[in-house]
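Hi,

Here is the structure I promised to pass on.

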Amino acid sequence: MAPFTLDSLRERVRGSVIGPDDPGYDDARAVYNGMINKRPAAVVRPSQVADVMTSVAFAREHELPVAVRGGGHSAPGFGTVDGGLVVDFVAQTGVRVDPATERARSGPGATWADFNHATHAFGLATTGGIIGSTGVSGLTLGGGIGYLSRQYGLSCDNLLSADVVTADGRFLVASETENADLFWALRGGGGNFGVVTSLEFRLHPVSTIYGGLVIYPASEADTVGRFYRDFIANAPEEFGVFLGFHQGPPVPFLPEQWHGQPVCVIVGSWTGPLDEGEKRWQPILDAAPVAGSFVGPLPYPVLNGLFDPMLPKGMQAYWKADFLASLSDDALRVAVDFGTRIPSMESANHYYPIDGAVQRVAPGATAFAYRNMGFAPVIAGMWHDPADNAANIRWVRDYWEALHPFAEPGGYINFMDADDQGRIAQNYGPNYQRLTEVKAVYDPDNVFRVNQNISPRVSAPSAGTHAPGAQEGGVTSVED
């Protein structure tokens with residue numbers, strides 16, 4: 001094996017290569033979660049796909065672990081790695097929209113704020129996340145739950161094709177008609193099968209929505225939770241609203257007495273006829289005494305970025321998740337108990353509905369298997385002071401341990417933390433076996449292991465074929 005030097009890498013790529021002795025190294029190695037403090041051997045910022053191909057080949061040649069950073073938002077910090085090579089797409093944020101075909105092609109470093117800005121100019125959108133600074137690539141490759149899920153499905157359900165650099169340095173297009181087994185795995189399989197350098201999405205007519213958030217005192221949480229459970233079960237799919245628990249934010253529409261106090265919230269959008277919006281939201285406003293509300297006509301990108309000012313890069317973070325078939329009385333009891341004891345202003349506990357269009361996709365059609373679930377809860381602990389780490393992590397873990405007996409064995413991989421590797425098979429359920437087979441085809445040596453890792457089988461069919469018994473149907477190591 002040839003000796004590894006930064007100069008030898010720089011000679012082979014046209015983008016920038018940042019090493020430990022270079023200015024800007026500490027910024028280049030930092031990810032969204034301030035709890036992560038890793039020191040990669042090099043951070044490569046590719047100028048083009050050829051740089052990605054070269055970087056992967058270089059890492060293999062020198063037996064370096066590879067991390068790939070898109071938006072950089074993952075709680076486990078999978079966008080960096082000690083002693084390895086980081087492929088950082090921070091500069092590749094472009095989004096090209098074709099309004100005639102209602103499609104968009106996203107760069108691997110684009111965030112949903114970038115994507116929504118580009119598509120909104122044409123009155124179009126697709127399912128994105130809840131936070132605008134979340135990366136398009138990572139969210140999509142893990143599934144992609146957002147405000148538009150009930151109406152238009154997950155982000156991965158709207159993925160039409162992806163350009164992928166595989167572990168052996170090949171460039172492939174993955175779609176329903178090209179490398180269909182890879183495309184199946186890309187739609188929900190997490191960071192396992194290659195480096196995605198471009199994603200093509202189906203768009204939908206979404207422009208100005210009627211939405212926002214309603215904040216209730218914590219004392220009303222049980223009433224609000226029961227109302228929400230019944231409301232969302234019968235709501236049209238144009239209603240994409242979730243139940244949540246927070247501390248009251250210091251915003252103008254919330255009286256100061258509620259700032260920093262535990263509160264219950266309903267957040268989301270009505271994407272049906274705008275003139276129906278006020279009437280549609282009125283039952284939510286009437287569900288219980290309201291502490292404050294911000295509801296009305298909004299450009300969709302504004303809704304998608306409502307929480308962004310509260311969640312800057314560099315906070316401490318620790319997350320847990322599950323899937324729930326329903327918001328049972330037991331699940332609501334746990335939610336009210338822990339949700340109303342939320343420990344920091346930035347922490348969030350949300351219950352996202354994943355019915356409607358999400359459930360109309362067969363469990364085996366994509367790698368995202370949990371198509372019969374009602375909700376995807378996330379317990380997202382986030383805070384500023386490292387001195388609070390132990391207490392806040394304990395709140396997240398205790399909450400998850402109390403909720404898990406009423407949940408499914410698996411959870412949503414985009415909400416998992418680094419200590420959830422033992423849940424990998426459960427998180428993919430009946431699709432796990434096929435995922436290991438596809439992994440063995442495209443990454444038999446597990447080059448892309450800085451992720452919620454799927455280990456390859458010892459043997460597998462040749463690349464471009466379907467695994468035995470696989471259905472027709474399909475991630476880079478990009479961090480969401």
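Thr134 sits in the loop that runs between strand E7 (124-125) and helix H5 (136-141); helices (H or I, at least four residues) and strands (E, at least two) are DSSP runs, numbered from the N terminus. With 8% relative accessibility, Thr134 counts as buried (buried means under 20% relative accessible area, exposed over 50%, partly exposed in between, with a 1.4 Å probe and protein chains only). Thr134 and Leu9 are 125 residues apart in sequence, and 30 Å separates them in space, C-alpha to C-alpha.

Before you read on: this is a predicted model, where local features need pLDDT of at least 70, side-chain atom pairs count only at pLDDT 80 or more, and totals for chains, interfaces and linings use all residues. Residues are numbered from 1 along each chain as its sequence is written, and side-chain values use heavy atoms, with hydrogens and water left out.

Two asparagines are worth a look. Asn179 is not a glycine, yet has a positive phi of about 50°. Asn179 belongs to the loop between strand E9 (171-175) and helix H7 (180-186) and is partly exposed, at 22% relative accessibility. Asn446 also has a positive phi, about 55°, without being a glycine. Its loop lies between helix H14 (432-442) and strand E19 (478-479), and Asn446 is buried, with a relative accessible area of 14%.

Now to helix H12 (residues 389-403). Its 15 residues reach 21 Å from first C-alpha to last, close to the 21 Å expected at 1.5 Å a residue (the expected span is 1.5 Å times one less than the number of residues). Which residues of H12 are buried? They are Asn389, Asn392, Ile393, Trp395, Val396, Tyr399, Trp400 and Leu403. These cover an arc of only 150° around the axis, which puts them on the same side of H12 (the arc is that of the directions from the helix axis to the C-beta atoms). An α-helix has 3.6 residues a turn, so residues three or four places apart point the same way. On the other side of H12, Ala390 and Ala391 are exposed. The buried residues pack against strand E16 (316-321), helix H11 (329-339), strand E17 (348-353) and strand E18 (375-383), where contact means heavy atoms within 4.5 Å.

E17 and E18 turn up again: each supplies at least two residues of the lining of the largest cavity. On a 1 Å grid over the protein atoms alone, a cavity is a set of points where a 1.4 Å probe fits but cannot get out, a pocket is an open set with protein on both sides within 12 Å along at least five of seven lines, and lining residues have an atom within 4 Å of a point. The largest cavity has a volume of about 330 Å³ (the space filled by probe spheres set on the points, which are joined across faces, edges and corners). Of its 26 lining residues, Ile130, Ile131, Trp319, Tyr352 and Phe415 lie nearest the centre.

Cheers
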